[in-house]
Amino acid sequence: MHAYRAALLRFADDGSAIYDADGLLVVGPDAQGRQVVRAAGAHSRLAANYPGVATEHLPGRIIAPGFIDLHIHFPQTDVIGSPSAGLLPWLQDYTFPQEARFADPTHSDAMATVFLDELARHGVTTALAFCTSHPGSVDSLMQEAQRRGLRMIAGKVLQDRHSPDGVRDETQQSLEDTESLIRRWHGTDRLGYAITPRFAPSCSEAQLRGAGELAAKYPGVWIQSHVAENKDEIAWARQLFPGSRSYLSVYDDFGLMRERAIYAHCIHFDDEDRALMRSTGAAAAVSPTSNLFLGSGFFDFEGADRIGFRYGLASDVGGGTSFSPFHTMLAAYYVGREGQTKPGVSLSPQHLWWQHTAGGARALGLEGTVGNLQPGCEADFIVLDPRAMPLLARKVGHATSIDELLFAMIVLGDDRIVERVVIAGA
Ligand code: GUN
Ligand code: ZN
């Protein structure tokens with residue numbers, strides 16, 4: 001066992017933050033040998049229970065759960081910052097050409113290292129990631145994630161139509177590849193697989209049907225896709241699937257909505273769509289830097305909470321502009337505030353942080369496993385040094401509440417305050 005003495009941030013079941021200014025985090029193996037949180041709380045309350053345990057004292061530092069990125073594209077690392085007239089031209093002009101390069105395993109392996117280094121530098125310890133349509137891109141990412149001991153979830157993109165040469169796959173082969181990748185990677189160490197139809201317009205009915213059959217055959221496997229991001233995309237999807245009630249319903253009609261299904265964006269929804277999210281147990285990956293960058297629209301937090309479906313935060317790199325959870329939380333705040341196209345709300349700093357940690361874990365069905373530092377959670381955490389940035393150091397010095405402290409880091413912080421990342425206690 002090993003212990004850390006520092007300020008400690010974790011979350012209660014209702015999503016509120018628990019903050020110990022002088023906390024103790026005790027890490028050690030559970031019955032299965034996984035490195036987990038054995039105890040967390042005030043140093044004054046816990047220290048006497050762990051007399052012989054080596055304790056690292058980290059004055060001025062904050063220990064917090066590793067961030068969870070609910071939606072990111074590993075092959076779009078170099079696509080960040082590509083300007084375009086909205087989603088569909090951006091895909092054609094920048095994204096598909098970059099993704100085509102992942103047919104080459106040398107490129108794919110090299111980019112897996114770059115990608116996982118970036119996530120780590122920004123304090124992200126779990127992500128739900130798109131790879132490309134090339135099965136080898138999944139092997140590249142999974143092998144490197146396995147080497148690092150990460151809890152990572154990823155999948156091969158399915159896109160058998162309306163996609164250029166170089167990224168388009170073939171229906172039957174794509175489903176066979178998906179199933180062999182599930183067998184190879186799902187449940188291997190801490191890795192998980194996600195069935196990954198790119199979005200309804202890029203998938204034939206046969207491919208969506210096959211994806212739904214795999215989702216039923218492997219209920220522990222995740223599903224990830226995009227929905228209701230952009231008005232042109234929605235019009236296209238409606239034209240291609242005229243028999244479905246809405247764009248979101250297309251996925252339901254093919255058996256792709258259930259627990260562990262994560263849909264990126266979910267912006268242009270009506271209440272029936274929201275109710276479908278709730279009743280199926282699917283969750284939204286809210287991707288605010290991407291939505292602002294591509295001009296897609298504003299996620300309606302009030303609508304989501306009013307109907308009551310699950311959501312969490314995501315970078316959506318490379319539509320998104322940053323790997324930084326701090327930048328994503330701030331953009332989510334801006335998007336929440338927007339009150340001209342939907343009700344404007346002020347998301348609390350605790351709620352923003354929860355959405356990027358314990359809330360993301362809940363959306364993934366991994367509540368109590370990652371995204372929190374309650375006893376039993378896997379020991380993935382970050383050490384923050386808010387004094388690493390001068391203006392933030394001043395602001396943190398003046399904070400009189402947990403919300404003021406967290407908001408100072410959300411507004412002013414970035415990877416410069418992520419001093420250390422601990423994966424599975426190491
Ligand atoms: N819709 C289909 N593919 C993509 C993608 O790569 N990024 C985003 N943001 N939306 C998509
Ligand atoms: Zn995306």
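Helix H2 (residues 87–100) contributes three residues to the shell around ligand 1, the largest share of that shell, where helices (H or I, at least four residues) and strands (E, at least two) are DSSP runs numbered from the N terminus. The model is predicted, so local features need pLDDT of at least 70 and side-chain atom pairs count only at pLDDT 80 or more, while totals for chains, interfaces and linings use all residues. Residues are numbered from 1 along each chain as its sequence is written, and chains are lettered from A and ligands numbered from 1 in the order in which they are written.

Among the residues around ligand 1 are His73, Leu87, Leu91, Thr95, His226 and Asp316; a residue counts as near a molecule if its C-beta atom, placed from the backbone, lies within 6 Å of it.

The protein is divided into domain 1 (2–65 + 372–422) and domain 2 (67–364), with bounds that come from an automatic or database domain assignment. Their C-alpha centres lie 29 Å apart, and the contact takes 21 residues from domain 1 and 23 residues from domain 2, two residues being in contact if their C-beta atoms, placed from the backbone, lie within 7 Å. On the side of domain 1 that touches domain 2, H16 gives the most, with seven residues.
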